[in-house]
Protein chains: 2
Amino acid sequence: MALGRLYEHQDCALARALEEVGERWTLLVLRDCLLGVRRFSELRDRLDIPRAMLASRLSALVEAGLLERRPYGAAREEYLPTDKAVALWPAIHALIEWGERFHPAPGGRRRLYRHVPCDRDVDRTGRCPRCDTVPAPGELETRPGPGADSNRREDRVSLALNEGPHRLLTPVYRTR
Amino acid sequence: MALGRLYEHQDCALARALEEVGERWTLLVLRDCLLGVRRFSELRDRLDIPRAMLASRLSALVEAGLLERRPYGAAREEYLPTDKAVALWPAIHALIEWGERFHPAPGGRRRLYRHVPCDRDVDRTGRCPRCDTVPAPGELETRPGPGADSNRREDRVSLALNEGPHRLLTPVYRTR
DNA sequence: CACTATGGTTCAGTGACCAGACCGAATGGT
DNA sequence: ACCATTCGGTCTGGTCACTGAACCATAGTG
């Protein structure tokens, strides 16, 4: 989005937030990172984002303290969400809910989120109806919902996510 | 943002949401509309957005069913948020909270939100601690917080909002 | 009648984003 | 030893979104 300078919006926490995560692709990248996607090529395959753009976004997110870059194996890199990124989950979840409500898939919800300790799905506000808290991503599990059939993606990450439940923040797919 | 086509993200409610509200300026415009800013010139003064961009965003939002355009007086127009825009409040609020947390103003929170029927401030998840619901914007009142001093804007809308409490969705400023 | 407020449109310039080619390092296969 | 492939990028040239500034039509105001 390149809001770049928004000094005039000093009263505005929303402008501050959007300067960091409001650019094109950024929230999609972060959502996938919170789901457990960690590698450049996985993000690339799943989002169909231009390589240069992904590289640019990832380094900006590392710079902003939302992701941590970590060598992995030999000449491989991993991007892990920091607490700052994890704290963004309520906002991302709220946007997902809005999208599900006003742009529903034919069959229904595309994806469901369950609070693992309580074994209950969270409600539209992201709250677990049993323990009455808004769980952090680390306590959530996602699984395909009735509307997941509209997903025609065939990259490994999407296939794995559509196969069954998956704990957030844990790697979706591991080659070894 | 011009996400334009994202057919490949069919599994993804977030992509659907961002196609509609993810472009530059859009969420800032909608936040102001939910606060009660209704007129072209008010938005223009408060956001420092190029006129052409504001006109383009407003007509796109009307087209998308988030705002309703209504003649007002003579040769004046008003933009009113629809239910679809009101439903976006939890997401906007969550982003504001994240911004307040990770990019705080020197004095503290810039703005506070109170659930009027219960006379209690909502918590970080947007929930009223008394009635235990997530109130819609229509039941909220906002007032400047301890960090509001960092706001140096001098347009009429910002001045009015910094003066005292204001009920969301009601006009912030009225010339007559 | 001049002057201002409102709600725009038009236009040229800039910069963000795009697809596609290329690249070096580390394996894997034979 | 060789080639192919995977991974995580960079480079390049083109397009499109966004920008500031000027312009404009209508209605009301002094």
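Predicted model: local features only at pLDDT ≥ 70, side-chain atom pairs only at ≥ 80, totals over all residues.
**Exercise 1. Work out the strand order of the open sheet in chain A, and say which strands stand at its edges.**

Step 1. Four strands of chain A form an open sheet, with antiparallel pairing, in the order 4-3-5-6.

Step 2. Strand 4 (120–121) and strand 6 of chain A are at the edges, and because each has a single partner strand, one side of each is left without a neighbour in the sheet.

Step 3. In chain B, too, four strands form an open sheet in the order 4-3-5-6, with antiparallel pairing. Its edges are strand 4 (120–121) and strand 6 (166–167) of chain B, each with a single partner strand, so one side of each has no neighbour in the sheet. Strand 3 (residues 111–115) of chain B is joined to strand 4 of chain B by two bridges, and B:His115 stands opposite B:Arg120.

**Exercise 2. Describe the hairpin formed by strand 1 and strand 2 of chain A.**

Step 1. Five bridges pair strand 1 (residues 67–71) of chain A with strand 2 (residues 77–81) of chain A in the antiparallel sense. A:Pro71 stands opposite A:Glu77 of strand 2.

Step 2. Between the two strands of the hairpin there are five residues, and in the turn A:Gly73 has a positive phi of about 60°.

**Exercise 3. Determine how helix 2 and helix 3 of chain A cross, and which residues make the contact.**

Step 1. The axes of helix 2 of chain A and helix 3 (residues 40–47) of chain A come within 11 Å and cross at roughly 120°, where axes are lines fitted to C-alpha atoms, for helices over the stretch in contact, and angles run from 0 to 180 degrees between N-to-C directions.

Step 2. Helix 2 of chain A is therefore oblique to helix 3 of chain A, since angles under 35 degrees count as roughly parallel, over 145 as roughly antiparallel, 65 to 115 as roughly perpendicular and the rest as oblique.

Step 3. On the side of helix 2 of chain A the contact is made by A:Leu28, A:Val29 and A:Asp32, and on the side of helix 3 of chain A by A:Leu43, A:Arg46 and A:Leu47; two residues are in contact if their C-beta atoms, placed from the backbone, lie within 7 Å.

**Exercise 4. Relate chain A to chain B, and describe the contact between them.**

Step 1. Chain A is superposed on chain B by a rotation of 180° with 0.0 Å of shift along its axis (RMSD 0.0 Å), using least squares on the C-alpha atoms of residues with pLDDT of at least 70 in both. The two copies are thus related as by a two-fold rotation axis. Of the residues of chain A, A:Ala91 comes closest to this axis, at 2.6 Å (C-alpha).

Step 2. The contact takes 40 residues from chain A and 40 residues from chain B. Helix 6 of chain A gives the most to the side of chain A that touches chain B, with eleven residues.

Step 3. Helix 6 of chain A and helix 6 (residues 89–102) of chain B pack at about 165°, with axes 8 Å apart, and are therefore roughly antiparallel. A:Pro90, A:Ala91, A:Ala94, A:Leu95 and A:Trp98 meet B:Pro90, B:Ala91, B:Ala94, B:Leu95 and B:Trp98.

Methods:
Residues numbered from 1 in each chain as written. Chains lettered and ligands numbered in written order. Pairing = 2+ DSSP bridges.
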